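I opened the notebook again today for a new structure. Here is what I looked up, in the order I went through it.

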Amino acid sequence: MKTEGGEAHVCLGNKQVAVGDAVRVVRHECVAEKVAGGRASGAAEFRCRPRTIGTGTIRKVYDAHYSVASFPEGVDFKEGDTVEKAASRSE
């Protein structure tokens, strides 16, 4: 949930992230493609591809389910995007 000033409440808790961890915003872009030999004439199948929108930082961890992440200006996150912990260099 977007709050203000480039911050959002995200569904990552204290078992997944800590203050200072990097996170990335991923948007799944889906397009309908016609399928040859589909069940119905002209049937379409959706193909979705993840696209990284930008990265941010965990600023506060509330509990086992939620935290606050901040994102720099220009990271245009919106409802439906996924926020996930970014892999560290040692992972």
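My entries below go from confidence to the core, then the rings and the salt bridges.

**Ground rules.** I am working with a predicted model, where local features need pLDDT of at least 70, side-chain atom pairs count only at pLDDT 80 or more, and totals for chains, interfaces and linings use all residues. I number residues from 1 along each chain as its sequence is written, and side-chain values use heavy atoms, with hydrogens and water left out.

**Confidence.** I checked pLDDT, the predictor's confidence in each residue on a scale from 0 to 100. The protein averages 86, and 84% of its residues reach 70 or more. Among the elements, S2 has the lowest mean (90), while strand S4 (residues 67–70) has the highest (96). I take strands as DSSP E runs of at least two residues, numbered from the N terminus. A note to myself: where pLDDT is low, the predicted coordinates should not be read in detail.

**Core.** Which residues make up the largest nonpolar core? I found 12: Ala8, Val10, Leu12, Val17, Val23, Val25, Ile53, Ile58, Ala69, Phe71, Val75 and Phe77. At least two core residues come from each of strands S1 (7–10), S2 (22–34) and S3 (44–61). By a nonpolar core I mean buried Ala, Val, Leu, Ile, Met, Phe, Trp, Tyr and Cys residues joined through side-chain atoms within 4.5 Å. Buried means under 20% relative accessible area, exposed over 50%, and partly exposed in between (1.4 Å probe, protein chains only).

**Rings.** I searched the whole structure for aromatic pairs and got one. The ring centres of Phe71 and Phe77 are 4.8 Å apart with planes at 45°, so I log the pair as tilted. For the record, rings of Phe, Tyr and Trp (its six-membered ring) pair if their centres lie within 6.5 Å; planes under 30 degrees apart are stacked, over 60 edge-to-face, and the rest tilted. Both Phe71 and Phe77 are buried.

**Salt bridges.** How many does a search of the whole structure find? It finds five, counting a side-chain nitrogen of Lys or Arg within 4 Å of a carboxyl oxygen of Asp or Glu.

- Asp21 pairs with Lys85 at 3.6 Å between the closest N and O atoms. Asp21 sits in the loop between S1 and S2 and Lys85 in strand S5 (residues 82–85), 64 residues apart. Lys85 is partly exposed at 34%.
- Glu84 of strand S5 and Arg24 of strand S2 are 60 residues apart, yet their closest N and O atoms lie 2.8 Å apart. I noted relative accessible areas of 28% for Glu84 and 26% for Arg24.
- Arg27 meets Asp81 at 2.8 Å, N to O. Arg27 is in strand S2 and Asp81 in the loop between S4 and S5; both are buried.

Note on methods:
Helices (H or I, at least four residues) and strands (E, at least two) are DSSP runs, numbered from the N terminus.
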